[in-house]
Protein chains: 2
Amino acid sequence: MPAAAPPAAYRARPIGVFDSGVGGLTVLHELLVQLPHEDFVYLGDTARFPYGERSASELERFCVEIAEELLARSVKLLVVACNTATSAALPALRRRMMETTLGVDVLAVVRPEAVGAVAATRSGRIGLLATPATVESGAYAEALAAVDPHVTLVPVACPDLAPIIQSGFPFDDDVVETVRGYVAPLRAAQVDTVILGCTHYPLIRPMLQRMLGRGVEIVTSGAALARQVQHALSARELGNPRTEGEGDYRFLCTGDVDAFRASGTRFLQLPLGDVEHVALPAGAAA
Amino acid sequence: MPAAAPPAAYRARPIGVFDSGVGGLTVLHELLVQLPHEDFVYLGDTARFPYGERSASELERFCVEIAEELLARSVKLLVVACNTATSAALPALRRRMMETTLGVDVLAVVRPEAVGAVAATRSGRIGLLATPATVESGAYAEALAAVDPHVTLVPVACPDLAPIIQSGFPFDDDVVETVRGYVAPLRAAQVDTVILGCTHYPLIRPMLQRMLGRGVEIVTSGAALARQVQHALSARELGNPRTEGEGDYRFLCTGDVDAFRASGTRFLQLPLGDVEHVALPAGAAA
């Protein structure tokens, strides 16, 4: 006998999404466009940004703290929109969330992009643009091998790309030349699909598409993850029962609220609305 | 016997694109992404913006002046990225351009979107968001009827939308409510395809997609036109002979160069580069 569907009040709960900063807002952007009936609450751990240099045990602790905060706000599903957190803390996070009364699923970046890239490629040659830490972690290579061991990954570490994008539009000729340098090995390797393995990169997607040529498919974390979130909602019968209008979305951040709002709008590409400060770990000084 | 292909030097010429202001840059954006090997020169007639209240004979004169300016800069193809100019001046413009030695084709908005929408719709119910002037002109209704007389058009005049978008990001709750008001009749009519009949509107595409729901296909002038430009280049054997790297693009404007640069970057979503002032009619005071 199949389990009863969760009650409407439970299905009406928001989906929690988090990242170390504003990059994950490009993931939230896709979720908002693809799943307009759902409510979302996004947490940016900007006070402890960037996560790149943190130890694995520190990251586990941060992620569990964030998960607790989002659980306290009654999320029905948790989305990790951060590559570093996914690599370091996903197993710990999944264990913690399965201990909750109803068992909250944790979805994360990396595997969805691997699935999307394998589905998109015809030549089997897939490029990856990511931070040095993400490339070194081998997370995408592993995820791709698990999905299809016969594709070839061409990874390019882009040390300057996330900082350039973080620092803001408009981009000058130096930026174009820097990006061109990262794209060159992908062109040389004749990949037909490119994973953007950092949530900042969708902001320069038009420039990348132009340099790669229109025959190359670009796979973003947001688009790939939105599909898996949809599958999870429908498998668990967790879709929001709303029948009219769009859902709400709101923001929490651990650092400066005004700074979050200023750069957040550029990453979300939708009106930002309310941003609330939260202290993590709970009870810490603001 | 087929005509000989044009010489490489002719094929290496830029494509001319023009609009009354910066809105046409959303069309150029798509052309740059879809046709990365081509060179472009864009003219924004910002000194005489907006075109909405101009008479048809005035608009014919403006468009021919712009076309002469772009011909003097050796364009091989002319793209009218302006709804008002297309409605008022396309026949006159085509006559003038066919008088040139080699016969320069003129492509324009409206018909490509009609083709794109008819190709996309399954229900045959197509929505249109456009300025009051464009809706009243009946240009989209006519173009759709010519492509497929059995589709139904649901036009919505949006008097406030272009000014809101022109005035800049970020958008507040009032903007969201205004946009929601324009989308409501399209939702009520259950259209499955929506034409953005104004080149400003792609800047709020994510918001529109979210309000319409992901099952609704949005057709923009830029995407639809890029395909037809590609067909024209290949039918005329006019594709740029470049084999490596992307083409150049540059900008002319009849008004203030700094103002063009400031809002232009937001509409192009790519680095803007050089903007040169031109006086129109040729020889007029700056």
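Predicted model: local features only at pLDDT ≥ 70, side-chain atom pairs only at ≥ 80, totals over all residues.
**View 1. A salt bridge between Arg48(A) and Glu65(A).** Arg48(A) sits in the loop between β2 (40-44) and α3 (56-72) of chain A, while Glu65(A) belongs to helix α3 of chain A, so the pair ties together parts that are 17 residues apart in sequence. Arg48(A) and Glu65(A) are both buried.

**View 2. A network of salt bridges around the pair of View 1.** The linked residues are Asp45(A), Arg48(A), Arg61(A) and Glu65(A).

**View 3. A salt bridge between Arg96(A) and Glu68(A).** The closest N and O atoms are 2.5 Å apart. Arg96(A) is in helix α4 (residues 83-98) of chain A and Glu68(A) is in helix α3 of chain A; the pair links distant parts of the chain, 28 residues apart. Arg96(A) has a relative accessibility of 21%, so it counts as partly exposed. Glu68(A), at 33%, also counts as partly exposed.

**View 4. A salt bridge between Glu246(B) and Arg180(A).** Here the closest N and O atoms lie 2.4 Å apart. Glu246(B) is found in the loop between α11 (221-235) and β9 (249-253) of chain B, and Arg180(A) in helix α9 (residues 173-188) of chain A, so this pair joins two chains. Glu246(B) counts as buried because its relative accessibility is 16%, and buried means under 20%. Arg180(A), with a relative accessible area of 28%, is partly exposed.

**Whole structure. Salt bridges over all chains.** A search of the whole structure finds 30 of them.

Technical notes
Residues numbered from 1 in each chain as written. Chains lettered and ligands numbered in written order. Heavy atoms only, no water. Salt bridge = Lys/Arg side-chain N within 4 Å of Asp/Glu carboxyl O. Helix = DSSP H or I, 4+ residues; strand = E, 2+ residues; numbered from the N terminus. Buried < 20%, exposed > 50% of the residue type's maximum accessible area, 1.4 Å probe, protein only.
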